[in-house]
Amino acid sequence: MTYFAPTRFAFRGDEVYDLLGVGFGPSNISVAIAQREMAPELRCHYIEKSDNFGWHDSMLFDDATMQVSFLKDLASFRNPRSHFTFVNFLHSQTRLADFSNLQTLFPRRVEFHQYLSWCAQYFEDEVAYGSEAVSITQVTHNGAPVFQVTVRDANGERTVLARNVVHSGGLIPTVPFPAPQSDRIFHGYHILNRTEDIPEGSHVAVVGAGQSAAEIVQHLLRQGARVTAVLPRFGYMPADDSPFVNQVFDPEITDTFYAARQETRDRILQLHSTTNYSGVDLDLVKDIYADWYQDRIQGQSRLEFLRMCRVVEAQTTDDSVELRIADEMAGATVSLNTDYLVCATGFTPSSVCDMMSDELRAHVTQTKGGAPLFARDYSLVTDLDSDTAIYAPHMTERQHGLTATLLSRMAVRSGEIVSSVREKTASHHRRFARQEQIHAVG
């Protein structure tokens, strides 16, 4: 198959798509790759609210490395011969030999971002950038049920029809304590866009104990800031990337996890959280400790730790931030004044249910706790027509495991979604053909 970078997407208002992707980050790029290789007959369209492809652009520190092997790219685990592997990307950039000399499985995130951008360019004829999907409902078109997605762009609103929707709207930065909107308080997700606004020598509090928090602490120290790290633990906990524990990310584990009782699933997620969100690369932990110790040698205190502490509230004045902090070690609430506050406090997956009309949402089956229930193919369980589906893989962690929001199983998962869409599309066409025959006989 010959690949090329096509022209930009041109919308056709009369099209009913077999697959509509909401968002065009790594997850739906992987879906697009799987569809092109497995089911090129499907008619697909993707909606992306950003003007161009981007992947955590504001956190692409120059020396930050991936925490996952390059083999867990957008294609290799599903099709190692794919055009869209990281290895082929390196080959296309004449860097394959140079990369191999690094003797590592973990490229820098800047380079992996280049790889993702390289993949995205092959689908520009299917992606409407600068377009935001704002609502989903179900309508009847030519006698068959389809989803109608309202899309807003620079020209106003339009609607797109599709029998299947894959929602990968990304993650929403969260702050788990009251804090006002302020130039002095921001989520860590925006750190590189805000660093130039922080004068050298400023006192910055960084809340959080995961990989992003640790990277931000190191970055601010190198920018000349004085940092107070507010940790909900005694210290940074190293990520558990040991071989046996890492098998929790193996493709075949999803079947086992999905078949388990919910109590067992929750227990696994709790036991192995340090393989994912809350663990920090051990080399980075050592680097931060070495920087802290070097300051002690030189009689400086550029980095301080508030251990076993939780921010209760943040307030701003004209020139500072005041934090109220619950100190578990002291058993008291203390105050801290800083110049800036960076909240490296995690994300929540955006919910496709929030986009649904009330009528459509009423068809979604819920768990006893009120959460949407998902089938094994990552689609919402509903009582709608079986030839249509809404897939939302980023929302499925409690049923499908830790890989729901990660690269680790993305290639295989995308193939499963495409297989499901292909089967539903074939079923629709068979049913439509039977109806046509009945009408012809009648």
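How many salt bridges does the structure hold? The structure holds 21 salt bridges, a salt bridge being a side-chain nitrogen of Lys or Arg within 4 Å of a carboxyl oxygen of Asp or Glu. This is a predicted model, in which local features need pLDDT of at least 70 and side-chain atom pairs count only at pLDDT 80 or more, while totals for chains, interfaces and linings use all residues. Residues are numbered from 1 along each chain as its sequence is written, and side-chain values use heavy atoms, with hydrogens and water left out.

**View 1. The salt bridge between Asp266 and Arg398.** The closest N and O atoms of Asp266 and Arg398 are 2.7 Å apart. This pair links distant parts of the chain, 132 residues apart: Asp266 is in helix α9 (residues 262–271) and Arg398 in helix α12 (residues 397–400). Helices (H or I, at least four residues) and strands (E, at least two) are DSSP runs, numbered from the N terminus. Asp266 counts as partly exposed because its relative accessibility is 29%. Arg398, with a relative accessible area of 43%, is partly exposed. Here buried means under 20% relative accessible area, exposed over 50%, and partly exposed in between (1.4 Å probe, protein chains only).

**View 2. The salt bridge between Asp295 and Arg302.** In this pair the closest N and O atoms are 3.0 Å apart. Is Asp295 buried or exposed? Asp295 counts as buried, because its relative accessibility is 4%. Arg302 has a relative accessible area of 28% and is partly exposed.

**View 3. The salt bridge between Glu313 and Arg324.** The closest N and O atoms of Glu313 and Arg324 are 3.4 Å apart. Glu313 belongs to strand β14 (residues 309–316) and Arg324 to strand β15 (residues 321–327); the pair is eleven residues apart and links distant parts of the chain. Glu313, at 24% relative accessibility, counts as partly exposed. Arg324 is partly exposed, at a relative accessible area of 36%.

**View 4. A network of salt bridges.** The residues linked in this network are Glu15, Asp18, Arg43 and Arg163.

**View 5. The largest nonpolar core.** A nonpolar core is a set of buried Ala, Val, Leu, Ile, Met, Phe, Trp, Tyr and Cys residues joined through side-chain atoms within 4.5 Å. The largest one has 42 residues, and those with the most contacts inside it are Phe24, Leu74 and Tyr115. Two or more residues come from each of α1 (26–38), β3 (44–48), α2 (86–92), α4, β4 (127–129), β19 (389–391) and α13 (410–441). Helix α4 gives the largest share of this core, six residues. Beyond its neighbours within four places in sequence, Tyr115 is in contact (heavy atoms within 4.5 Å) with Asp73, Leu74, Ala75, Phe84, Thr85, Phe86 and Phe89. Another core, of 28 residues, lies apart from this one and has Phe61, Ile198, Val217 and Ala225 among its members.

View 6. His113 is found in helix α4. Why does His113 count as buried? His113 counts as buried because its relative accessibility is 11%. The side chain of His113 reaches the backbone nitrogen of Trp55 at 3.2 Å. Leaving out residues up to four places away in sequence, His113 touches Phe53, Gly54, Trp55, Asp57 and Leu60.

**View 7. A nonpolar patch on the surface.** Leu71, Phe77, Leu105 and Phe106 form the patch and together have about 330 Å² of accessible area. Patches are made of residues with over 30% relative accessible area and no salt bridge; like charges are joined within 9 Å, and nonpolar side chains (Val, Leu, Ile, Met, Phe, Trp, Tyr) within 5 Å. Accessible areas come from the Shrake-Rupley method with a 1.4 Å probe, and for residues only the protein chains shown count as cover. Phe106 is in the loop between α3 (96–100) and α4 (109–120). With a relative accessible area of 34%, Phe106 is partly exposed.

**View 8. Two residues with positive phi.** Most residues other than glycine have a negative phi. Thr94, in the loop between α2 and α3, has a positive phi near 55°. Thr94 counts as exposed, at 67% relative accessibility. Asn142 lies in the loop between β5 (132–141) and β6 (144–153), and its phi is likewise positive, near 55°. At 67% relative accessibility, Asn142 counts as exposed.

How values were computed. A polar contact is a pair of N or O atoms within 3.5 Å; within protein, one must be able to donate a hydrogen and the other to accept it, and residues adjacent in sequence count only if both atoms are side-chain atoms.
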